[in-house]
Amino acid sequence: MPDFPAHASPAFTPAASPRARPKGHDRTVSDLRLTREGEKGVVGVPAPPLVSPAYTPPRTPDVGVGHDGEPAVDDRAELGPKTKAQFLDELPEVTCEVRARIPTTTGTEMWLHLYHNNADEKEHLAIVFGPNIRSKSLDRQRPGESERERMIRGAYVGTLYPGRTSSRRVEEIKKEAGFGGTLPASSPASSEELSMQASEGSETTYPPSLGPPLVRIHSECYTGETVWSARCDCGEQLDEAARLMSLPWPTPSTTPGSDTPNSHSHSLPFDPTPVPSCGGVIIYLRQEGRGIGLLSKLKAYNLQDLGHDTMEANLLLRHPGDARSYGLATSMLLDLGLGGENGIKLLTNNPEKVRAVEGPNQEIRVVERVPMIPLAWKTGGLEGVRGPEVERYLATKIEKFKHMFSG
Ligand SMILES: Nc1nc2c(ncn2[C@@H]2O[C@H](COP(=O)(O)OP(=O)(O)OP(=O)(O)O)[C@@H](O)[C@H]2O)c(=O)[nH]1
């Protein structure tokens, strides 16, 4: 058994452990067979039992958003450890303004969706893997819009290629093949097209036959994602979520849409056809520093170097321990067709996030929480973020924010 830190949850099981677990208990990522090489992916895994967070954080006094001043240490006691996510009475309105295909350095292709909303001025993002998730607000026809304008904002089906004139790939194929009416059964109509048709007539676009999609709600962390900080595991979590959502589809021959991607590019000297993935979505919220912003987070780092933990540092700066809310994530997931009975599998250790994303009226159902075990713990320190800072950070997440590093 690899050495993992004393503050790791006792229920945490290393990825390679041969220890048998009772059915339905101690589920880890490895239970979902989501390992690095040659794995089959999450599709086809039986629907897990409903996982609702048993933990409810203690009631704490409300704290106004901080001013970045430097209060006396004693103020901390008055402020209290507000770790609870903010709950909104009403969901914000969101609109997907643009979507673009992003070929990635790992070879997987993803679709970056940029959202505007009526709650803040920020550009929140949905990073979509696989062909089965489409935005309803993106597909909505805008008054007076041309086909070219639709394609420029990403409201097309299939793939763009030089000279394409229609935003709907199926219509394009019909025209090319000289069909006026129904397409023959053998036509390469993509699941994306079917999803799009479904989104016009119903609330849920994600095909229930595929099981609940994997979802991660990720909060922006400039330090961990861009400048290689080893104070937290945020960059690693983002990479891991993308990796899980990029795992190859179990049976490529039956993958809906597997015959469509980049079929217009086959004359290129290399074959850029992306491997169809299991799919999923990372909702990337611009809530830097658990919602306190980068300026305050950097001050909090200095306080941490002066001996305070990540929660105390926030409180000393007159911020809540956690200033985030998740209503935007709920609205974006609904826009992506992930509401309804089928539910989602949420990649997180944060019990508050599970509860908050479900929305004021359970608009989203979290049917499984998939824990995110730090890579360093899983590999006995061979991979992942290491060092005293991240260990202290993770210890505080467990002790004070009550994060759960087991299923
Ligand atoms: N204020 C503050 N924010 C931090 C610090 N380290 C990371 N963050 C921010 O914390 C957020 C990520 O929160 P985490 O507590 O790591 O994880 P979580 O999102 O609550 O839970 P998981 O879903 O399990 O990852 C990002 O917005 C980071 O910018 C820190 O020391 N202080």
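The following legends describe close-up views of a predicted model.

**Figure 1. Overall composition of the predicted protein model.** The secondary structure of the protein amounts to 13 helices and seven strands. Of its 407 residues, 42% are buried. Among contacts with a separation of 6 or more, 69% are between residues 24 or more positions apart.

**Figure 2. The open sheet of seven strands.** The strand order is E1-E2-E3-E5-E4-E6-E7, and the pairing is mixed. From one strand to the next, the twist averages 25 degrees. Helix H7 packs on this sheet and touches E3, strand E4 (214-219), strand E5 (280-285) and strand E6 (344-347). The direction of H7 makes about 160 degrees with that of E4.

**Figure 3. The hairpin formed by E1 and E2.** Strand E1 (residues 94-103) and strand E2 (residues 109-117) run antiparallel and are joined by nine bridges. Proline 103 stands opposite glutamate 109 in E2. Five residues lie between the two strands. In the turn, glycine 107 has a positive phi of about 100 degrees.

**Figure 4. The hairpin formed by E2 and E3.** Strand E3 (residues 124-129) pairs with E2 in the antiparallel sense over six bridges. Six residues separate the two strands of this hairpin. Leucine 112 is placed opposite isoleucine 127 in E3, and the bridge partner of histidine 113 is alanine 126, also in E3.

**Figure 5. Helix H10 and its burial.** Helix H10 (residues 327-335) is mostly covered, with nine of its nine residues buried. The buried residues are Gly327, Leu328, Ala329, Thr330, Ser331, Met332, Leu333, Leu334 and Asp335. Just after H10, glycine 337 adopts a positive phi of about 80 degrees.

**Figure 6. Nonpolar cores of the model.** The largest nonpolar core has 58 residues. Val215, Val281, Ile283, Ala329, Met332, Leu333 and Val357 are the residues with the most contacts inside this core. When residues up to four places away in sequence are not counted, leucine 333 touches Val215, Ile283, Leu338, Gly339, Ile344 and Ile364. A second, separate core of six residues includes Ala313, Leu315, Leu316 and Leu317. In soluble globular proteins, nonpolar side chains tend to be buried together.

**Figure 7. Arginine 318 in the loop between H9 and H10.** Arginine 318 has a positive phi of about 65 degrees although it is not a glycine. Around the C-beta atom of arginine 318, 20 other C-beta atoms lie within 10 Å. Burial requires 20 or more such atoms, and arginine 318 is therefore buried.

**Figure 8. Glutamine 362 in the loop between helix H11 (351-357) and E7.** Phi of glutamine 362 is near 55 degrees, a positive value in a residue other than glycine. Glutamine 362 has 10 C-beta neighbours inside 10 Å. A residue with 12 or fewer is classed as exposed, so glutamine 362 counts as exposed.

**Figure 9. Arginine 148 in helix H3 (residues 147-152).** Arginine 148 counts as exposed because it has 11 C-beta neighbours inside 10 Å, where the limit for exposure is 12 or fewer. Arginine 148 and arginine 290 are 142 residues apart along the chain, and their C-alpha atoms are separated by 39 Å.

How values were computed. Residues numbered from 1 in each chain as written. Predicted model: local features only at pLDDT ≥ 70, side-chain atom pairs only at ≥ 80, totals over all residues. Helix = DSSP H or I, 4+ residues; strand = E, 2+ residues; numbered from the N terminus. Pairing = 2+ DSSP bridges. Contact = placed C-beta atoms within 7 Å. Axes fitted to C-alpha atoms, helices over the stretch in contact; angles between N-to-C directions. Core = buried A, V, L, I, M, F, W, Y, C linked by C-beta atoms within 7 Å.
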